[in-house]
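Take a slow look at the model before reading on. Follow the chain from its start to its end.

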Amino acid sequence: MIRYALICDSAHEFEAWFRNSGDFDAQSEGGLVECPQCSSPNVRKGVMAPAVSTSKTEKAPDPQKAMMEIAGKVRSHIAKNFAYVGDKFATEARAMHEGDKPERAIYGETTPAESKALADEGVPCAPLPAPFVPPQAKKLN
Ligand SMILES: [Zn+2]
């Protein structure tokens with residue numbers, strides 16, 4: 001059985017079941033398919049009404065995947081343009097903020113508490129999108 005969304009020449013939409021697609025063509029050509037509202041035999045196929053959910057076969061854009069792609073771009077941009085300072089991030093960021101060291105773009109590791117302390121002191125820093133892989137971790141493995 002196949003379900004068709006049908007539309008007549010007065011734009012009435014309705015649905016009808018047929019044994020197969022040839023069945024519709026045959027009945028339609030013979031004037032056997034009539035609009036239930038105006039009895040017009042001038043009926044054509046409208047947009048196919050999905051009889052089953054297509055969610056398993058048609059994948060909608062995955063928001064998580066999109067986020068991961070953006071996060072990956074941010075990470076690679078930082079890895080290319082920022083200097084990695086490892087676990088000295090808080091010390092370095094503070095030194096730059098206080099003018100003890102020239103300002104440069106850095107990234108590294110710090111604890112949530114330290115990162116909050118930096119923010120409270122007005123040191124501009126932001127967490128990197130997870131998962132963050134320090135460059136030295138690759139060498140160790
Ligand atoms: Zn009609």
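This is a predicted model: local features need pLDDT of at least 70, side-chain atom pairs count only at pLDDT 80 or more; totals for chains, interfaces and linings use all residues.

Residues are numbered from 1 along each chain as its sequence is written.

Begin with confidence. pLDDT is the predictor's confidence in each residue, from 0 to 100. The protein chain averages 82, and 81% of the residues score at least 70. Confidence is highest in helix H3 (residues 89–97), at a mean of 91. It is lowest in helix H5 (residues 135–140), at 56.

Now the overall plan. The protein chain has five helices and five strands. Both are DSSP runs numbered from the N terminus: helices are H or I with at least four residues, strands are E with at least two. Along the sequence, the pattern reads β-β-α-β-α-β-α-β-α-α.

Next, the sheet. Three strands form an open sheet in the order S2-S1-S3, with antiparallel pairing. Two strands pair if DSSP finds at least two bridges between them. Why is one side of S2 and of S3 left without a neighbour in the sheet? Strand S2 (13–18) and strand S3 (43–45) stand at the edges, so each has a single partner strand. Neighbouring strands of this sheet are turned by 40° against each other on average, direction ignored. Here axes are lines fitted to C-alpha atoms, for helices over the stretch in contact, and angles run from 0 to 180 degrees between N-to-C directions.

Look at the pairings in detail. Six bridges join strand S1 (residues 2–8) to S2. Arg3 stands opposite Trp17 in S2, and Tyr4 stands opposite Ala16 in S2. S1 and S2 form a hairpin with four residues between them. In its turn, Ala11 has a positive phi of about 65°. Three bridges join S1 to S3. There, Ile7 has Arg44 as its bridge partner.

What lies inside? A residue is buried if 20 or more other C-beta atoms lie within 10 Å of its own, exposed if 12 or fewer, and partly exposed in between; C-beta atoms are placed from the backbone. Buried residues make up 9% of the 141 residues in the protein chain. A nonpolar core is a set of buried Ala, Val, Leu, Ile, Met, Phe, Trp, Tyr and Cys residues joined through C-beta atoms within 7 Å. The largest one has six residues: Tyr4, Leu6, Cys8, Phe24, Val33 and Val43. S1 gives the most to this core, with three residues.

Turn to Glu34, in the loop between helix H1 (21–29) and S3. Is Glu34 buried or partly exposed? Glu34 has 18 C-beta neighbours inside 10 Å, so Glu34 counts as partly exposed. Glu34 and Leu6 are 28 residues apart in sequence, and 9.8 Å apart in space, C-alpha to C-alpha.

Finish with two helices. H3 and H4 pack at an angle of about 5°, with their axes 10 Å apart. That makes H3 roughly parallel to H4. Angles under 35 degrees count as roughly parallel, over 145 as roughly antiparallel, 65 to 115 as roughly perpendicular and the rest as oblique. Just after H4, Gly122 takes a positive phi of about 85°.
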